[in-house]
Amino acid sequence: MLKAMIFAPMSRNIGSIGRWISKISSQPIRESLTRTMASAVEGSSSSGGDKKNLLATEKSPYLLQHATNPVHWYPWGKEAFSDAHKENKLIFLSVGYSTCHWCHVMERESFENPEIAKIMNANFINIKVDREERPDVDKVYMTFVTSLSGSGGWPMSVWLTPDLKPVYGGTYFPPNNRYYGQPGFAQLLISLAAQWREDQDKFKESGKFIMEVLDRTARLSAPDTSDIPGEEAIAKCFAQLAQAFEPRYGGFSGAPKFPQPSNFNFLFTNYALHPSSDDAKRGLEMTLYTLRKMDQGGIHDHVSQGFARYSTDEMWHVPHFEKMLYDQAQLTISFLDAYIITGEPRFAEVVRDILTYVSRDLSHPSGGFYSAEDADSLPTSESLEKKEGAFCAWTYEEIEELMSTPVKEGSETTLAEVFCHHYCVVDGGNVDPYKDPHDELKNQNILMEHGSLEETAEEFNLTKEECDLALAKGRKILYDERQKRPRPHLDDKMLTAWNGMMLGAMAKAGSILGDEQYVQRALEAAEFVKTHLYKDGKLLRAAYAAPESGVSLGSCISGFVDDYAWIVRSFLYLCEATLDTTWLELAEELQDKQNELFWDPEGTGYYMTEKGDESILLRIKEDQDGAEPSANSVSSVNLVRLSPLLERPDYREKAEAIFRLFSGRLNKIPIALPEMTTALLLHSNPPVQIILAGKIGTESLKNMLKTLHGLQIPNRVLLLADDNTGSFMYARHKSLNNYHPKSNETLAYVCHDFKCSLPVSKPDLLKETLKTHMTASLMRNLEM
């Protein structure tokens with residue numbers, strides 16, 4: 001069984017609570033499993049079988065998936081809590097998301113089962129939560145589950161008292177006692193219902209104690225030093241990543257393998273700032289090798305573009321087929337960084353590949369970006385049951401039939417032979433049966449590149465160009481054929497944080513690749529955010545696709561701290577791409593609002609949630625960079641970048657306060673916070689200020705910008721002196737009045753460590769000036 005696993009930082013000091021919970025919960029459950037099902041179903045319910053499933057009026061695609069279940073689901077809210085008190089029942093909380101494979105499995109096995117639904121309806125108030133829509137609810141109870149079991153994942157299943165205090169939980173439960181030693185879901189429901197009827201005081205006492213312990217342990221201790229973690233933390237982060245690196249296929253773990261773009265970001269930034277360091281060079285090698293292996297592997301969809309969530313094996317071959325927007329966004333940045341540093345065209349091609357997929361399949365007509373595509377789909381339109389990977393996998397016979405024509409005129413070699421050789425397609429399928437526990441991929445092939453284009457060309461006596469055209473033709477044939485298949489479910493929810501990630505990636509791609517269509521797409525997404533997700537000076541969490549290309553806001557959930565952090569970063573990228581400081585002004589407004597709503601004035605750092613929601617029992621500060629970097633990590637980078645750009649020393653002070661708060665983790669296990677360690681890198685290297693004295697729209701300014709965007713200078717501060725003395729930036733930087741454009745010529749000034757270069761007017765001279773400054777900075781760092 002494969003479940004999305006998460007790191008459990010909150011449980012680092014509470015092994016005892018896990019053992020304690022297990023003792024008070026599991027033993028009575030085991031003792032109760034022998035009781036008869038009838039005794040549990042006897043409980044009466046005023047929400048009996050005629051009560052309508054309340055999810056039908058929700059907007060979340062995940063909740064709507066469950067709207068026709070025989071379970072009487074409630075959305076998270078006052079009505080459910082009130083009924084739990086009124087009917088004196090435990091709450092069963094089920095948390096997942098619409099493209100979660102194991103969520104679908106549990107729905108099919110248990111929530112669509114009338115007998116199990118009868119037990120649930122008679123004995124519990126059943127609440128369904130979309131973790132992407134309500135990450136606050138998910139985080140509170142995932143903290144409990146990981147403390148209980150040492151790991152977590154989705155679907156998450158938790159039993160709560162009517163006061164919302166957890167008493168038992170886990171992830172996926174099979175419908176009966178059949179494997180992995182897990183209690184069957186039906187028997188577990190019966191046992192908990194019986195225990196609740198017999199000894200409610202014990203449950204309430206246990207729930208209260210559990211929350212008290214979780215509250216204490218979830219709080220980050222105040223740092224015992226005023227020192228900011230330094231070079232030792234940065235060196236240790238590299239050392240831990242180097243130790244975790246898997247040298248055969250790349251990546252930083254065994255199977256299952258996740259992309260982990262935060263690791264790439266740290267290693268690329270470290271190399272850019274210390275290009276002569278042996279560690280930095282080694283880090284660059286690890287990152288480039290991993291990205292190349294991912295590109296070749298089955299985790300990369302060679303037919304419809306984009307990347308799957310993760311690989312179930314160590315070779316990046318057999319993916320978990322769901323495609324998430326946040327992976328596309330973060331990997332776009334990673335491949336762009338690889339392209340800037342190496343100049344290799346293939347990395348730019350992968351960026352265009354990802355953005356083709358996002359623009360085509362994850363884009364709303366109004367400019368927003370959808371959340372994800374499912375892993376599961378119907379194998380044929382006549383099929384009744386979905387299978388994982390059905391949309392993406394191929395039999396050998398299918399490809400033989402579809403590509404039976406000669407690879408080129410006069411050749412006896414078929415297109416299929418070349419294609420199958422290059423993409424490892426074999427008769428009987430190329431999927432390891434141990435990576436396919438439910439035989440959903442039996443006899444199927446997942447495309448993975450066997451070797452280089454040159455090697456395949458040589459194998460079939462083709463030129464490189466002929467081979468490239470042949471493979472492109474084969475991919476197009478499969479793409480067209482795939483469109484005839486039933487499509488996977490699309491989660492058309494548009495999350496603010498993930499839209500921020502993607503519009504920022506689009507803007508950066510437009511800048512680096514010199515492609516205006518990406519900048520325009522980023523602007524469309526930014527306008528979407530402003531129009532639909534920014535109300536009364538605050539961000540909302542999500543918008544939803546409505547009929548006829550419309551947009552609905554649903555229940556208008558307030559934004560969380562990650563929504564602010566990612567929109568701030570995206571507007572920074574957009575300002576750099578367009579030189580329109582309107583986006584920088586908005587970034588500052590949102591950063592100040594984030595500070596107002598989420599900053600802890602006593603313990604420092606950002607809470608995940610605002611004050612005021614009594615249903616959220618813990619205000620948590622995330623301290624782990626996982627599939628998405630934590631908001632504290634993203635914000636620390638934002639604050640370090642914004643401080644010199646806006647002349648806001650208070651922003652730098654907040655970043656330093658975050659570093660102190662997380663100093664324990666940064667000094668001991670910085671691999672848990674690679675994005676925050678990247679912020680430390682930027683903080684420890686003085687910014688390179690680049691002032692361009694020129695006019696927007698001139699070729700000279702465009703050429704200078706092209707040069708800048710083609711260089712990896714992560715600590716740069718870019719300012720435009722265009723004689724618009726009443727503008728936002730002139731008000732912040734009085735020194736801009738000293739720089740003036742000359743007709744159609746753009747002059748560039750580079751300032752670093754309080755020293756400025758003589759102006760240059762040619763892009764190649766600007767490049768040389770920047771290299772000189774960076775080399776001088778490196779030498780000073782080595783001397784210190």
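This report looks at a pocket, the cysteines and the aromatic rings of one predicted protein model.

Residues are numbered from 1 along each chain as its sequence is written, and side-chain values use heavy atoms, with hydrogens and water left out. Since the model is predicted, local features need pLDDT of at least 70 and side-chain atom pairs count only at pLDDT 80 or more, while totals for chains, interfaces and linings use all residues.

## The second largest pocket

Let's start with some open space. A pocket is an open set of points on a 1 Å grid over the protein atoms alone, where a 1.4 Å probe fits, with protein on both sides within 12 Å along at least five of seven lines. The second largest pocket holds about 890 Å³, a volume being the space filled by probe spheres set on the points.

Its lining (residues with an atom within 4 Å of a point) is made of 33 residues. Nearest the centre are Asp295, Arg346, Glu349, Glu449 and Arg475. By class, the lining has 15 charged, 11 nonpolar and seven polar residues. Here Asp, Glu, Lys and Arg count as charged; Ala, Val, Leu, Ile, Met, Phe, Trp, Tyr, Cys and Pro as nonpolar; and the others, Gly among them, as polar.

Which helix gives the most to this lining? That is H18, with seven residues. Helices H12 (278-296), H14 (345-361), H17 (453-459) and H18 (464-482) each supply at least two residues. Helices (H or I, at least four residues) and strands (E, at least two) are DSSP runs, numbered from the N terminus.

Now for the sulfur atoms. The structure holds two disulfides, a disulfide being a pair of cysteine sulfur atoms within 2.5 Å.

| Disulfide | Sulfur-sulfur distance |
|---|---|
| Cys100 and Cys103 | 2.4 Å |
| Cys751 and Cys756 | 2.0 Å |

The link of Cys100 and Cys103 is right-handed, with 80° about the S-S bond. For Cys751 and Cys756 the torsion is about 110°, so that disulfide is right-handed. Counting the bonded cysteines in sequence order, the pairing is 1-2, 3-4.

How hidden are these cysteines? Buried means under 20% relative accessible area, exposed over 50%, and partly exposed in between (1.4 Å probe, protein chains only). Cys100 and Cys103 are both buried.

Cys420 is buried, with a relative accessible area of 7%.

## Aromatic rings

A search of the whole structure finds 25 aromatic pairs. Rings of Phe, Tyr and Trp (its six-membered ring) pair if their centres lie within 6.5 Å; planes under 30 degrees apart count as stacked, over 60 as edge-to-face and the rest as tilted. Phe92 and Phe111 have ring centres 6.3 Å apart and planes at 55°, so the pair is tilted. Phe92 lies in strand E2 (residues 90-96) and Phe111 in helix H5 (residues 101-111), so the pair ties together parts that are 19 residues apart in sequence. Phe92 is buried at 0% relative accessibility, and Phe111 is buried at 1%.

Ring pairs link Phe92 and Phe111 into a cluster with Trp73, Trp159, Tyr168, Phe173 and Phe185. Lys128 lies over the face of Trp73, 4.6 Å from the ring centre. Elsewhere, the charged end of Arg485 sits over the ring of Trp394, 3.9 Å from its centre. A charge sits over a ring if NZ of Lys or CZ of Arg is within 6 Å of the ring centre and within 35 degrees of the ring normal.
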